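Dear colleague,

I am passing on a structure that you have not worked with before, and below it I have set out what was found. Please read the notes with the structure open beside them.

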Amino acid sequence: MIPELGQFALILALLLAALQALFGIVGPALGRERWTAAVTPAVAGQFVMVATSMGCLIASFVANDFSVAYVAENSNSALPLFYRVAALWGAHAGSLILWIFLLSCWTVAAAVGTARLPRNFAARVLGVLGTISFGFILYTLLTSNPFLRLSPPWADGQGLNPILQDPGLAAHPPVLYTGYVGLAVAYAFAGAALLEGRLDREWARWTRPWATSAWAFLTCGIALGSWWAYYTLGWGGFWFWDPVENASFMPWLMGTALIHSLAVTEKRGLFKSWTLLLAVLGFSLSLVGTFLVRSGVLISVHSFAVSPGRGEFILTFLVIMIGAALALYAWRAPQMQSEAGFEFSARESFLLFNNILLVTACGTVFAGEMAPIISNALGLGKLSVGPPYFNPTFLVSMLPLLVLVPLGMHARWKRGGLGGRGRALLVALGAAAVIGCAVAFGVFTGAGILSPVSMTLGAWIIIASLLDPIDRLRRRIAIPRAVLGMTIAHIGLGIFVFSMTAVQAFTAERDVALTIGSSVRDGGYTFHFQGIGPIQGPDYGGTDATMVVTHEGKPVAVMHPAKRDYWVQHIATTHSAITIHGGSNILVALGQSLGDGRWSFRLQVRPLVLYIWIGALIMAGGGLLAITDRRYRLSQSAAKEAAALLAGGDAR
Amino acid sequence: MIRYFVPLGVFAAVVVLLALAIHQAPRKDLVPSPLIGKPAPSFALPSLADPNVKVTSAALRGHWYLLNVWGTWCISCRIESPELLAIAHTGVVPLIGLDWKDSRAEALAYLHQKGNPYQQVAFDPGGLEAIQWGVYGAPETFIVNPQGIIVYKYIGPITPRAWAHDILPRLPAGQASGS
C-alpha cells in the first residue's frame with residue numbers, strides 16, 4: 001500500500017509541477033493575474049506531494065519491504081537503520097527521488113525569497129523551476145520508477161553496495177545534489193530575465209545569493225565526495241578525473257565564473273549577457289553531467305544501472321531546457337546593453353580574465369570528457385582520457401588565474417589601479433616566496449620548479465586576502481559580510497592550493513611485506529606490525545591488523561587497517577587506517593597474506609592532505625557568509641523601487 | 001548579432017554527438033530476459049561427467065556463478081571457448097555449464113580436447129531445463145547471485161570486451177576493484 005501511495009503522490013506532484021510551469025510562464029505573458037497568483041499554491045502542493053512520495057520510499061526501506069524491487073536491490077534486513085535510509089540514494093531511481101525532493105525544497109525557498117520581488121518576475125522564476133520539476137518527475141515515472149513491486153517478493157534484499165556503506169555516502173549525494181539543484185534556481189532567474197527581456201543591476205543583486213549558496217553546496221559536495229573516495233576506496237588519491245567527478249566539476253567551474261561575473265553585473269551593470277549565459281550554462285552542465293552518468297554513454301566507477309530509453313529521455317529534456325534557454329538568449333541578449341566602460345587595470349578586467357580562464361578550464365575538462373564519446377560515436381575506437389591530459393591542460397589555465405587573484409581583489413572598480421596597495425602586495429609576494437621556497441626545499445626534499453612556484457602563489461593569495469581586513473581593523477572600519485566572505489573564500493583557495501601542491505609533490509609511498517613483530521621506516525615515521533586477527537561486524541567479517549606508528553621515538557598512533565568481507569554480497573573491501581599527525585596524513589592499507597606469516601601493506605605519508613578539504617570547506621563557508629550580507633535582505637522601500645523599475649517591462 | 005547564436009550552435013553540435021553516442025552504445029539488452037531480477041529456476045540435473053551425480057540449484061546457493069548454456073554442435077560456443085577458459089583461470093566466478101541438446105560422449109570429448117572451463121556441467125539432452133531458463137539460442141550466459149536471483153543475461157559468445165564491460169562490472173569482484 002505504501003509504495004502505491006508514494007507513486008500516486010509522485011503522479012500528483014507531476015500534475016502540480018505542470019500547473020506551476022503553466023501558471024508561472026503563461027500567466028505573466030498573457031497578463032492573467034489569477035494564473036500568476038496560482039503559482040505559489042502549486043509550489044506548495046508540489047512540495048507536499050514530493051515529500052510524501054519520498055517519505056513513502058523511506059518507509060519501505062525502514063520496514064524492509066522486499067516486495068519493492070528498489071528496496072530489495074539496495075537494502076537488506078541486516079543493514080543498520082541509518083544505512084537503510086541512506087540506501088534510498090544508493091542507486092539510480094532513488095537518487096532521482098532525492099534530486100526531485102531537493103529541487104522542490106529549493107523551489108519553496110525561491111517562492112519565499114522572491115515573495116518581495118515584482119510578482120511577474122517571481123512567477124516566471126517559479127514557472128521555470130516548474131518545468132525542471134516536471135521533466136525530472138516524468139523521467140522518474142517513465143523510466144526509473146522506484147516503487148515497482150517484485151513478484152514473487154524476495155525473502156531478503158541484496159544489500160547496499162558495501163563501498164557505499166559509510167557516513168560519507170550519507171552526506172555526499174544530498175549535499176552535491178543541493179548544489180546541482182541550486183544552480184537550477186540561478187538558471188530560473190536567468191530564464192525569467194530572458195522571458196521578461198530585461199536585466200538590470202537589481203536582477204544581479206537578487207540572483208547573487210542563490211548562485212553563491214548553490215556554489216557553496218557544490219563545493220562542499222565535491223569536497224565530501226573527494227574525501228569519501230580518498231578513504232573508502234583506498235585509492236589514496238583525492239581526485240581522479242573520473243568522468244563522474246568531472247561531471248560535478250564542470251558546473252562548479254561555471255558556477256565559480258558565474259558568482260564572479262555576477263559581482264561585476266551588480267556593481268557596475270556590465271557583463272550582462274555574459275552573466276546570463278553563465279547562469280544558463282552552469283545548470284546546463286549539471287544536466288549534461290546527469291546525462292553522461294545515467295545514459296550509459298560513459299563507463300565509470302560510479303556506473304548506475306543503465307537501461308536503454310533513459311539516455312534518449314534525458315537528451316530530449318536537455319534539448320528542451322538548454323535549447324530553449326539558449327535560443328531565448330540569442331534573441332534577447334543583444335538588447336541587454338552594458339551601462340559603462342572601464343579601464344584596463346580596473347577590477348572588471350581582472351574578473352573578465354577570471355571568467356575567461358575558468359570557462360577555458362571548464363572547456364578543457366569538457367573536451368576531455370567528450371573525447372571518448374566523440375571517438376566512439378564516429379567509430380574511431382575506444383579512447384581513454386586520463387590525468388596525462390587533464391593535469392597539464394588544467395594547470396595551464398589555473399596558474400595564471402592564481403596570479404590574478406591577489407591583484408584582482410585589490411584592483412579598484414572602473415578607474416583601475418591597486419589603490420595604494422601595490423607595495424603591500426609586492427611585500428606580500430616576497431614573504432610568500434620565502435615561505436614557499438622554505439617549505440618546498442627546507443621541510444621537504446626533491447622539489448621541482450612547479451612546487452615552490454605553486455606554494456608561493458598559495459601563500460600569496462592567503463597573505464593578500466588578509467591585507468584588506470587588517471587595514472580595516474586598524475582603521476576601525478566595519479567589514480561588510482560580503483567582503484569578509486570573499487576574503488575567507490580566497491584564504492580557503494590559498495590553503496587548498498598550498499596543501500594540494502604539498503601532497504602532489506611530496507607524498508611518500510611504499511609497498512612492504514612485514515612479519516608480525518617487524519618494523520619499517522617511511523616518510524620519517526616508523527611502522528611496527530604488532531599483530532593480526534579476525535573481526536566481526538553486523539553484516540561482515542574480516543581481518544584486522546595492528547600497526548604501531550612512531551615518529552622520532554615518540555608514539556603517534558595505533559592503526560588498524562582491515563579487510564572486510566560482506567557476507568551478503570560476497571564483496572571484499574579494503575578499509576585503510578588513516579591517522580593525522582602534524583598536518584600529515586598517514587595511511588596504512590592491509591594487502592594480502594603472503595604465506596609464512598608475512599602480510600603485504602601499503603604505507604603512505606601525505607603531508608598536509610587534510611588541508612585540501614579544509615581549504616575547500618573554508619571556501620564554501622566564505623560563500624555562505626557572503627550571502628548573509630545586509631544588502632541581500634531587501635528592505636521594503638528598495639523592493640518597491642525595484643517593482644517600479646520593472647513595472648514598465650511588465651505592462652507591455 | 002551572430003555571436004549570440006554561437007552557444008546555441010555549439011550546443012546543437014554537442015546534442016548531435018550525444019545522440020550518435022547513445023545509438024553507438026552497446027545494446028545487448030535489446031532482448032532482455034523476463035527472468036532478470038527473478039529467482040533462477042530450480043533444477044536437479046545429472047552431471048555430464050557422472051550420471052549418478054546431480055548438479056542442483058540448491059547446492060549452488062550462496063555463491064555468485066555464471067550459468068553458460070552450450071553444446072558441441074554450436075559454432076559460437078567454440079569461438080567462446082578460449083574466453084571461458086580465461087575467465088575460469090581468473091577464478092573470479094565459477095562457471096557452471098548447461099550442456100544443451102547434446103550427446104554425452106561428444107561433449108566429454110569436446111571438453112577433453114578444448115579444455116574444461118566449467119566447475120560443473122549439468123547435462124540436458126532433451127533441452128527441457130533450457131526452456132525453463134528461456135534459452136532460445138546458444139551460447140547464452142546468466143549471472144546468478146548468491147540469493148539465486150538472475151542478475152543479467154548475456155546473449156552470444158563472450159568476448160574479452162563483453163567480459164570486461166558487461167559481465168565483470170555486474171559481479172562483486174568487478175565492483176569492489178572499482179574499475
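What percentage of the 652 residues in chain A do buried residues make up? They make up 52%, where a residue is buried if 20 or more other C-beta atoms, placed from the backbone, lie within 10 Å of its own.

Please keep in mind that this is a predicted model, in which local features need pLDDT of at least 70 and side-chain atom pairs count only at pLDDT 80 or more, while totals for chains, interfaces and linings use all residues. Residues are numbered from 1 along each chain as its sequence is written, and chains are lettered from A and ligands numbered from 1 in the order in which they are written.

Chain A has 19 helices and 10 strands, which are DSSP runs numbered from the N terminus (helices are H or I with at least four residues, strands are E with at least two). With a radius of gyration of 26 Å, close to the 26 Å of the globule rule for 652 residues, chain A is therefore as compact as a globular protein of that length; the radius is taken over C-alpha atoms, and the rule is 2.2 Å times the number of residues to the power 0.38. Along the principal axes, the C-alpha atoms of chain A fill a box of roughly 85 × 75 × 55 Å.

Turning to the helices, α1 (residues 2-30) and α7 (residues 119-143) of chain A pack with their axes 7 Å apart and at an angle of about 150°, the axes being lines fitted to C-alpha atoms over the stretch in contact and the angles running from 0 to 180 degrees between N-to-C directions. α1(A) and α7(A) are therefore roughly antiparallel to each other, a term for angles over 145 degrees. The residues of this contact divide into 16 nonpolar, nine polar and one charged, with Ala, Val, Leu, Ile, Met, Phe, Trp, Tyr, Cys and Pro counted as nonpolar, Asp, Glu, Lys and Arg as charged, and the others, Gly among them, as polar.

As for the strands, four of them form an open antiparallel sheet in chain A, in the order β1-β10-β9-β8, where two strands pair if DSSP finds at least two bridges between them. β1 (508-515) and β8 (577-581) of chain A stand at the edges with a single partner strand each, so one side of each has no neighbour in the sheet. Within the sheet, β9 (residues 584-595) and β10 (residues 598-607) of chain A pair over nine bridges, and S593(A) stands opposite W599(A) in β10(A). β8(A) and β9(A) pair over five bridges, and in their hairpin, which has two residues between the strands, G582(A) takes a positive phi near 55°.

Technical notes:
Parallel < 35°, antiparallel > 145°, perpendicular 65-115°, else oblique. Buried ≥ 20, exposed ≤ 12 C-beta atoms within 10 Å, placed from the backbone.
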